[in-house]
Amino acid sequence: MILGNLGNSLKETFNKLARLNKIDKKIAEEIIKDVQRALLQADVNVKLVMKLSENIKKRALKEEVLEGFDAKEHISKIIYEEFSNILGKVTEIELKRQNIMMVGLQGSGKTTSTAKLAKYFQRKGLKTCVICADTFRPGAYDQLSQLCKVHSIPFYGEKGNENAVDVVKNGLNEMKEYEVKIVDTAGRHALEDDLIQEMKEINAVLKPDHKFLVLDAAIGQEAEVQSRKFSEAIGITGVIITKLDGTAKGGGALSAVSETGSSIAFIGVGERIDDLEKFDPDSFISKLVGLGDLKSLMERVQESVKPDEMAVEEVLKGKFTLKEMYKQFEAINKMGPFNQLLQMIPFGGFGIDLKDKDYEKTKYKLDRYKIIMDSMTEYELENPACFDSSRIRRVAIGSGSDIAEVRDLLNYYKTLKKAFGMFKGGNIRGLPGKFMKMFGREIKI
Ligand SMILES: Nc1nc2c(ncn2[C@@H]2O[C@H](COP(=O)(O)OP(=O)(O)O)[C@@H](O)[C@H]2O)c(=O)[nH]1
Ligand SMILES: [Mg+2]
């Protein structure tokens, strides 16, 4: 598919890298050229290509290859992370009662995507219907009603009624029992005033939870302008990029949308009703980079925290003081990238929902905890039970924090100690996995 060639063109250069444990400037430049060529072929914006490749090169030369990994794995990881930065945003779709409005220019794939999306929600077990508010284009009613009939999707429309807003009002009344209502609207060849007016009125009546802008992948970098214009006109909550199966230029549309700050919700990859995929940047990038199983690579990166750094040995013997926790934080910091590593430590004490992806905040908190621990005496680090209010106050003052924060840290320590206690005598290597199971999370790569 799109950018699919990147993997192939990288392979050759990568073969040279295999078994090396260092990346020199010459190899880095070769790889960067391949990356640039593939991205430019996929119509990605030149400035973005330059920025991306510059970052990859800098990091490839600067960051040390982790022990146990070869240069190829090292650079795969970097390419993966840099791509994540530009494609990382996804529209979250909740599986709940909701109204959805489809907008976009004529021919972009709105009607097809409306039916695909209805099927998507049906498969998820939600009672879903479709309302046809395209009263502009002759034949729009027939197209959608036929599509729905064939695929058993409940449909509402009024043939002959030219007032799209009234059709939506009536449809909402008639289709009350349905949990998800998807409204297909009319498009024009350009975003004209009367179209904006109609969209605004439908928006006011429907009060959509989601407004999806449908874009044809073939428009490439033009996606940026459209995405901006529609955002300004009615506000959109996500983008659906269609016809990614039919163009080699999809990279342009995808990256251009991300540049505007909009997020991609779904991608259309064919004409059939099932050819709609929830956009998953991780698997997208894995395919894109074509360098094999990045998921297991990232898992290995996570597991390669050395046992002595983690102080796991002692922990398994039952020893887990603030000192071991400190070492653990240090090991985590060394490992980077923080956002992925973060998922392997227990969060009981942070009160932070990982779903928020609030990694920066959490990293900040870990760093704060380290600063606080730097103000503790050796005795305190070895004997956390000794903390009374006067010791807590002293540490708070010494570290420039406050009493509540020191207490937070001690609570986090207790949670962690409890967690470690449960693994006594267990297998060291499997620890991260066990942590993740215990906290009901898995590494999402
Ligand atoms: N290959 C391919 N064709 C698509 C896709 N989505 C829509 N189409 C086709 O694009 C054309 C226009 O789609 P339509 O839904 O009528 O666009 P609308 O005017 O925005 O409602 C139709 O021929 C669709 O079959 C897709 O993901 N892949
Ligand atoms: Mg249509």
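α8 passes α9 in a right-handed crossing. The model is predicted, and every exercise below refers to it.

**Exercise 1.** Determine how α8 is oriented relative to helix α9 (residues 222–234).

Solution. Step one is to take the geometry of the pair: α8 and α9 pack at an angle of about 55°, and their axes are 10 Å apart. Step two is to classify that angle, which makes α8 oblique to α9.

**Exercise 2.** Repeat the analysis for helix α7 (residues 164–174) and helix α8 (residues 193–206).

Solution. The axes of α7 and α8 lie 9 Å apart, at an angle of about 15°. Angles under 35 degrees count as roughly parallel, so α7 is roughly parallel to α8. The crossing of α7 and α8 is right-handed.

**Exercise 3.** Describe the shell of residues around ligand 1.

Solution. Begin with the count: ligand 1 is surrounded by 17 residues, and the closest are G107, K110, T111, T112 and D245. Next, sort the shell by class, which gives 10 polar, five charged and two nonpolar residues. Then look for the element that gives the most to this shell: helix α5 (residues 110–123), with four residues.

**Exercise 4.** Identify polar contacts to oxygen atoms of ligand 1, and state how much of the ligand's area the protein covers.

Solution. Start with the backbone: an N or O atom of G109 is 2.9 Å from a ligand 1 oxygen atom. Continue with the side chains. Q143 places a polar side-chain atom 3.0 Å from an oxygen atom of ligand 1, and for K116 the side-chain N or O atom is 3.3 Å from a ligand oxygen. Finally, of the 580 Å² of accessible area that ligand 1 has on its own, the protein covers 79%.

Conventions
Residues numbered from 1 in each chain as written. Chains lettered and ligands numbered in written order. Predicted model: local features only at pLDDT ≥ 70, side-chain atom pairs only at ≥ 80, totals over all residues. Heavy atoms only, no water. Near = heavy atom within 4 Å. Polar contact = N/O pair within 3.5 Å; in protein donor to acceptor, adjacent residues only side chain to side chain. Areas by Shrake-Rupley, 256 points an atom, 1.4 Å probe, with all protein chains shown as cover. Helix = DSSP H or I, 4+ residues; strand = E, 2+ residues; numbered from the N terminus. Nonpolar A, V, L, I, M, F, W, Y, C, P; charged D, E, K, R; others polar. Axes fitted to C-alpha atoms, helices over the stretch in contact; angles between N-to-C directions. Parallel < 35°, antiparallel > 145°, perpendicular 65-115°, else oblique. Left-handed = near helix turned anticlockwise from the far one by under 90°.
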